[in-house]
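Biologist: I am new to this structure. Could you walk me through some of its features?
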Amino acid sequence: MKKSLLFLLAICTFFGNPVNAQVGGLLNKVTNNTLGKPKASSNTAKQQPEPKCACEQPELIFELGGNLKLMYSEINISVKDDGSILVKDIVTSNFYIVKDGNTQGPIKAGDPRLTGFDDVNNGDASKATTPWANNEYITKSGEKFLIKFAGKNYGPYDEIKEFKVTKSKDKFAAIVVENVPVSEADGKKVEEAMKNAKTDQEKMDLSMKYAQEMQQKMMQGGGPMSTMPKLVTNIAGVNYDPLKSVGGTLNSNIKYDDILFLAYDRVIDLSNKVLLTLKPDAAGAKDLFVNSTNTKYAYYNYGTLTFSDGTTMSDMFNLRWIKVNGQVYLAYMYYSPKRNAIMQCKIPF
């Protein structure tokens, strides 16, 4: 009995320290994750190098320590047009709004203060599914759509395929169709009637009937050209024909306060002029930015910004256009281990 007891004590003594170390380490990890504190100590974090994209005089956006106690690896950040910054704690689902150095929060989903931020579930179950229902510039006029911008009305249109507004909110561009001969409701009506037709002759008669109705509707709506997509804008000097274009979609983000067409490998202005041809690596990039003089571009993928001259910057996020004292900048954010904070730099572009 004594031998067995001594043997057990020897085993416990031999394995005791490693077991205690493992358990202690596990508890530390659980505690750190639960409290939302950085896994490394503040001294260790300060020893980590700043990312290569750090600039000499960065702007402090907000600190992760202090009252917030957030971990950089457990937050999402988005920016509103007015400069407000939304921080989401992925662990708790709490939100924080940072603006002009002031922080509001924690805020729960559904709070009206979250309205206007991208990719935020505000818990509003009443969101309409009608196309353009939440667009302040587009309203329904009977069964058609009407664009109201800067005191003027445009339309009505059967369909608005694309609609973009500049950052200053003084210019817009849209791809519209004035007259759609066969609406979705018309298509369902024809399909149902064909199903109920009992003979081939009855189906033929229905086909002729609906073909005549569509032709009549098309002519009343302005003829065949009214069924084709066209560009509508309040920007002066635009002469663009979507039917003769090289493709692309409207984009109001790639150049400051401007609207351009972005094709897969080309940037085109609203007069159908090719401004820039993109390198293969830039084609289809997540985000693209064109400078004010249309002489160079940069594209962003997975934390790295690559310029058209081949230079790169990494470890950044939330790129956006800003204008300070008449100068246009491409601003970006990065995490500073030294300060345990989110910082911002800007590049004249």
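Modeller: A few terms come at the start: strands (E, at least two residues) are DSSP runs numbered from the N terminus, and two strands pair if DSSP finds at least two bridges between them. This is a predicted model, in which local features need pLDDT of at least 70. Residues are numbered from 1 along each chain as its sequence is written.

Biologist: What is the bridge partner of Ala 298 in S18?
Modeller: Ala 298 is bridged to Phe 307 of S18. Strand S17 (residues 297-301) and strand S18 (residues 304-307) run antiparallel and are joined by 4 bridges.

Biologist: What is the order of the open sheet of 4 strands?
Modeller: The order is S16-S17-S18-S19, with antiparallel pairing. Strand S16 (287-290) and strand S19 (312-313) stand at the edges with a single partner strand each, so one side of each has no neighbour in the sheet.

Biologist: Changing topic, which peptide bond into Pro 106 is cis?
Modeller: The bond from Gly 105 to Pro 106 is cis, with omega near 5°. Pro 106 lies in strand S5 (residues 102-107). The bond from Gly 155 to Pro 156 is also cis, with omega near 5°, and Pro 156 belongs to strand S8 (residues 152-157).

Biologist: And where is Ser 93 placed?
Modeller: Ser 93 sits in the loop between strand S3 (85-89) and strand S4 (94-99). Its phi is near 65°, a positive value in a residue other than glycine.

Biologist: What is the relative accessible area of Ser 93?
Modeller: Ser 93 has 37% and is partly exposed, that is, between buried (under 20%) and exposed (over 50%), with a 1.4 Å probe and protein chains only.

Definitions and conventions: Predicted model: local features only at pLDDT ≥ 70, side-chain atom pairs only at ≥ 80, totals over all residues. Heavy atoms only, no water.
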